[in-house]
Amino acid sequence: MHLLQKLCETFGPSGNEDEIKDFLLHHIQPNTQRWKVQPEIFHGEEFQNCIVLVFGKPRTAIFAHIDTIGYTVRYNKQLVPIGGPHSKTGYKLWGKDSQGEVECTLQAEEEGNLHYESTREIDRATNLIFKCDFRETEDSVQSCYLDNRLGVYAALKVAETLENGIIVFSCWEEHGGGSVPYLAKFIYEDYGVKQALISDITWVTEGVRPGEGVAISMRDRSIPRRHFLDRVVEIAKHSHVPYQLEVEEYGGSDGKELQSSPYPFDWCFVGAPEENVHTPDEKVHKNDIASMIEMYKVLMANL
């Protein structure tokens, strides 16, 4: 779990993903020699803070967003949310401004106003994230930002043995998206790939329980094409990997942007369920992490 812990600790709220992008490149570039297939690595200004790995002759892409929720410092110690964090008085936040690293405490008022308490004034427009307290037991891991650093972790583990496929590390997902359209254009026009799996984290609910396997989502706020979903489920049935079918009315992912892009993408969300969503205490069962990684290996080989 050391790599997962490092991912969770690395700064990268939506729109400010430079550090997590650099962390990923520093992990990927020296490790590809140990992977079964050495991918082409695409990054740079035309990809902003996103990274694309292309293995062999790809048929399917994995999308995993690298950004997190957080807060932006406003005026008079006010905070503006980035994405949809659960805000509770007492949460520890940290970031960096012109004076260096800074830690503070979140203050959430009943009327929804958010402030910080700190020993000094924090520069206006500074981004803050939850301070990481990574906890591991025999059965689970608990930390801020398992959504979606666990999705990134799963994609990196799949990369070790992937022969044919594309892995896309996208940005801005937690705050409305924006990178997926040009990423979709690149992989469709350059490689003809038009099917995707969304490596992200979902919720524990009355129908999706911790420890019972990765969730394959049949729908959330968006509805993927059923023909593709049926193919995914049929492969999962024969995989002997534990999984659960999820049906939700709300929630979204990079799949929503793929579906609304001008390219004919089929997609399916496949991710481990977590408790305490969008808090510093997100919790995922280790069985679900293992089944998520194994399911992606099976799907990428058979789709």
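User: How far is the sulfur of C104 from the closest cysteine sulfur?

Analyst: This is a predicted model. In it, the C104 sulfur lies 14 Å from the closest cysteine sulfur, which belongs to C144, and that is too far for a bond.

User: And C171, what's the closest cysteine sulfur there?

Analyst: That of C50, at 3.7 Å. A disulfide needs the two sulfur atoms within 2.5 Å, so the sulfurs of C171 and C50 are too far apart for a bond.

User: How many disulfides in total, then?

Analyst: Zero in the structure.

User: Are C104 and C171 buried or exposed?

Analyst: C104 is buried, at 4% relative accessible area. C171 is also buried, with a relative accessibility of 3%.

User: Switching topic. What's the secondary structure of the chain?

Analyst: Seven helices and 19 strands. The chain is as compact as a globular protein of its length, because its radius of gyration is 19 Å and the globule rule gives 19 Å for 303 residues.

User: What box do the C-alpha atoms fill?

Analyst: Roughly 55 × 45 × 40 Å along the principal axes.

User: What share of the residues is buried?

Analyst: 54% of the 303 residues. As for contacts between residues at least 6 apart in sequence, 75% join residues at least 24 apart.

User: What about the surface, how much of it belongs to carbon and sulfur?

Analyst: 45% of an accessible surface of about 13300 Å².

User: Last one, charges. How many positive and negative side chains?

Analyst: 30 positive and 47 negative, with the centres of the two sets 3 Å apart.

Methods:
Residues numbered from 1 in each chain as written. Predicted model: local features only at pLDDT ≥ 70, side-chain atom pairs only at ≥ 80, totals over all residues. Heavy atoms only, no water. Buried < 20%, exposed > 50% of the residue type's maximum accessible area, 1.4 Å probe, protein only. Helix = DSSP H or I, 4+ residues; strand = E, 2+ residues; numbered from the N terminus. Rg over C-alpha atoms; globule rule 2.2 N^0.38 Å. Contact = heavy atoms within 4.5 Å. Areas by Shrake-Rupley, 256 points an atom, 1.4 Å probe, with all protein chains shown as cover. Lys, Arg positive; Asp, Glu negative; His and termini not counted. Charge placed at Lys NZ, Arg CZ, Asp CG, Glu CD.
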